[in-house]
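This report covers helix packing, aromatic contacts and a few individual positions. The sequence and the structure come next.

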Amino acid sequence: MATNGVTKRLEKKLQVLLGLVAAAFAVLFVRLAYLQLVEADKYQMMAQQNHLRLIPIIAPRGEILDRNGVRIVGNQPVYTVSFAYLGIKDTDRVIARLARILEGEKTFQGMSAAEIEQEIHKKLNEQKLRLYEPVPVADKVSSETVSRIEEQRLELPGVLIDVRPVRHYPYGDLLVPTLGYVGIMDQKELEENKDKGYRLGDSWGKDGLEKSFESYLRGERGARQVEVDAQGRPVRDLGVKEPVPGNNLVLTIDARLQRAVQDALARGIARVQKEGYSQARAGAVVVLDVRTGEILALASHPTYDPTIFTRDLSRKEWNAAWAKITRDRSLLNRALALYPPGSTFKMVVAAAALELGKITPDFAINDSGRYKYKVDWKPGGHGRVNVVRAIKVSCDTFFWTVGVMLGPEPIARYAREFGLGQKTGLELPGEHAGRIPGPEQKYNLWKPLLDSVQKQMDDIRKEYEKRLASAGEGEKAVLQREMNARLAPLQDRYNKIEWELKWREYDTLDMAIGQGNNYYTPLQLANYVAAIANGGILYKPYLVKKVVAPDGQTVAEFSPQEIRRVNVSERTLAILRQGMHEVLLPPDGTAAGVFAGVKYSAAGKTGTAEVHGHDNHALFVAFAPYEKPEVALAVVVEYGGHGSSAAGSVAREILDAYFDLKNAPPTAGLSAAGEQAKEGQAAGAVRRAAPAPSPGSQPPRSTGGSGNVRPRRTTAPADVPGASPGRQGQDGSPGPSAGGSTPDAGTGESPPGGVQPPAQGSGQAPANGGVQSPANGGAQEPLDDRANHQPNG
């Protein structure tokens, strides 16, 4: 009986065991059936992915050519190391080995292997460890590093070496910063453009033409499918889809003229630095075809070496190069930045007065050198002056007289008529509309500052109301005096700001000579002069003539586009042209000395814009030939002192070059710059600025020349005849304050002093006084009156 009981228990246990085994096999069968029938496609795909790799091939960006087919921007191949996550367990070991190989590469110079390893892990984590998708780890690696990776290929599964096209600049800094630059997309940019087919590690245009024409310049990536073994090594090539290069841009720019313009501007800035204008370190030039609106040259100084974005730089070298760019603010395209126009604005006032019948061509004044409390730049005045002569000798007194006859609104209307204070529509990021002064604009400028002071006073009163309510009789008198003492300076400031809310006569006087709150771009100034030159057609300036596909087919073409015909009669335009022509003529045209001996006829206008606390900006606008205009230009030299000597001499060089290069080969003047660019140096004279004078040094003095003011004075402008480049006159007098002379007592126009106009959106003046750096690649709005007008005069 006992034996039977044991046997039954064993049989029962065996049945349970058999049941468990059967259940296990049933689960396995069901799972196998599920995998084979339901998820077969999925695992088949995974198996293929395990031995097949789709390696992307980066497409070259389109090239950028000048109007004659000269390549300004091309491409060159560089080695790139990428890492594709394969999901293997020893990924960390592979990364550590790769980091040791990359140690010493310029990209990681100064970093230890452990730091490089951390950097690679960071990039992989940003990519979220997506299987088989290559992540760029190091760019522009040396051939020695490539050899070391190939030698250790078995120990480096997932490490890929690609040839990647990067930008090449045959002529160095030519057309910088207008070209912009290319960089790797960051995570934010990728998220914003993920629906356009971009991937992590892709390059795209960060600024300038590279950004504006990104959709055209960007190519279509290709791919290579390869079979790999268990170690991730390629076994055979299964097929290639070739990348499609991006489209090429053909610009309106003439590379020969662009080189000449950049060199002339750099030499002009270096020259005025030697003369004592140590703040003169920047400037801009625009050259337009007056018949089409095509931009032939667009220069901004200082430039930068664009190869810093493509060369193999160590981290130290990169940091030094970027620090210099930041210090010089050379990413700012100053041709699109805002400057006070100074006397280059006077043709607007003349046009308004003639068109509205306030004056006739024969209207004249006897200029004694004073208008009420204002003093002309020339002591003793210019004698008998009509509108043509007023332009020729830049007579402030004439334009103050006419400005008061007109008032601010008509002047503003004709400024807008010529395209000032409006965006031109140029195909570059960062263009600003500028600013035309007027009563409403001035009120809106000062009112927030007034409200701020009022709030401070209200807060003080509320504070003392509480303290007075709980104070004793003796303490109340003390608190009242304390409150009044704190309110007194604020009340004084409030009164001064309240005065400035209203448009005053001195505002009209400043506006009439291009001071006050006038702010326009060099591009706007060139376009306004082009409209005067061509008979009144305001064209939309443009930089790109056409977009051409790699096979030579035209993808897009851009032609001249009229914005409008200005509402100014041909008779008035002819008077303006005559006055501008006489500016260049002896004996007393303000640019007669600069343009002495030219072999062509031209017309121009000098401008010297005051900047409170700094040397004056120098401006010059011109067109040529006078009889049948072809080109117009605008030159600005920041803190250059005087329009005729600083900017006028640059304009003379540019016009000389324009006529000299007409029949020259397409690459004339470019080879030397190209050789220097290859050496990583600046092109031509553009990067060779003269050393600043030592502190306390004075500019050379002379008795003749371009201005009867102190050479380094930051006050009244001097557009003076007979100037040779770099020479200024002086009268030894202290001169008026920026924006005009201090009113005499009893004029009824003297505002309270001691308060500066507010900045737009801030309470501080920019460090450079005349133009602000961009927040995202473009110029910001400048200060309002602060740079050109003080409330006390």
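## Packing of helices 18 and 19

In this predicted model, V529, I532 and A533 of helix 18 are in contact with L573, L576, R577 and M580 of helix 19. Sorted by class, the contact of helix 18 with helix 19 comprises six nonpolar residues, no polar residues and one charged residue.

Two packed helices are described by the angle between their axes and the distance between the axes. Helix 18 spans residues 522–533 and helix 19 spans residues 570–583; they pack at an angle of about 115 degrees, and their axes are 9 Å apart. Helix 18 is therefore roughly perpendicular to helix 19.

## The chain as a whole

The protein chain has 793 residues, of which 55% count as buried. Its secondary structure comes to 21 helices and 23 strands. Among contacts in the protein chain with a separation of 6 or more, 74% are between residues 24 or more positions apart.

## Aromatic pairs

A pair of aromatic rings is described by the distance of the centres and the angle of the planes. How many aromatic pairs does a search of the whole structure find? The search gives 16. One of them joins Y198 and W204: the ring centres are 5.9 Å apart and the planes stand at 70 degrees, so this pair is edge-to-face. Both Y198 and W204 are buried.

Y304 and F309 also form an edge-to-face pair, with 6.0 Å from centre to centre and 85 degrees between the planes. Y304 is buried, as is F309. These two residues belong to one aromatic cluster, made up of Y181, Y304, F309, W318 and W322.

## Charges over rings

Which ring lies under the charged end of R218? It is the ring of Y198, whose centre is 3.8 Å from that charged end.

## Helix 13

Helix 13 covers residues 396–406, and nine of its eleven residues are buried, so the rest of the structure largely encloses it. The buried residues of helix 13 are D396, T397, F398, F399, W400, T401, V402, G403 and L406. Just after helix 13 comes G407, which takes a positive phi of about 85 degrees.

## Two single positions

A651 is located in helix 20, which runs over residues 643–660. Is A651 buried or exposed? Its relative accessibility is 0%, so A651 counts as buried. Apart from neighbours within four places in sequence, A651 is in contact with F595, F620, L633 and V635. A651 and G604 are separated by 47 residues in sequence, and their C-alpha atoms are 9.3 Å apart in space.

T360 is located in the loop between helix 11 (346–355) and strand 13 (364–367). T360 and V387 are 27 residues apart in sequence, with a C-alpha to C-alpha distance of 8.5 Å.

How values were computed:
Residues are numbered from 1 along each chain as its sequence is written. This is a predicted model: local features need pLDDT of at least 70, side-chain atom pairs count only at pLDDT 80 or more; totals for chains, interfaces and linings use all residues. Side-chain values use heavy atoms; hydrogens and water are left out. Rings of Phe, Tyr and Trp (its six-membered ring) pair if their centres lie within 6.5 Å; planes under 30 degrees apart count as stacked, over 60 as edge-to-face and the rest as tilted. Buried means under 20% relative accessible area, exposed over 50%, partly exposed in between (1.4 Å probe, protein chains only). A charge sits over a ring if NZ of Lys or CZ of Arg is within 6 Å of the ring centre and within 35 degrees of the ring normal. Axes are lines fitted to C-alpha atoms, for helices over the stretch in contact, and angles run from 0 to 180 degrees between N-to-C directions. Helices (H or I, at least four residues) and strands (E, at least two) are DSSP runs, numbered from the N terminus. Angles under 35 degrees count as roughly parallel, over 145 as roughly antiparallel, 65 to 115 as roughly perpendicular and the rest as oblique. Contact means heavy atoms within 4.5 Å. Ala, Val, Leu, Ile, Met, Phe, Trp, Tyr, Cys and Pro count as nonpolar, Asp, Glu, Lys and Arg as charged, and the others, Gly among them, as polar.
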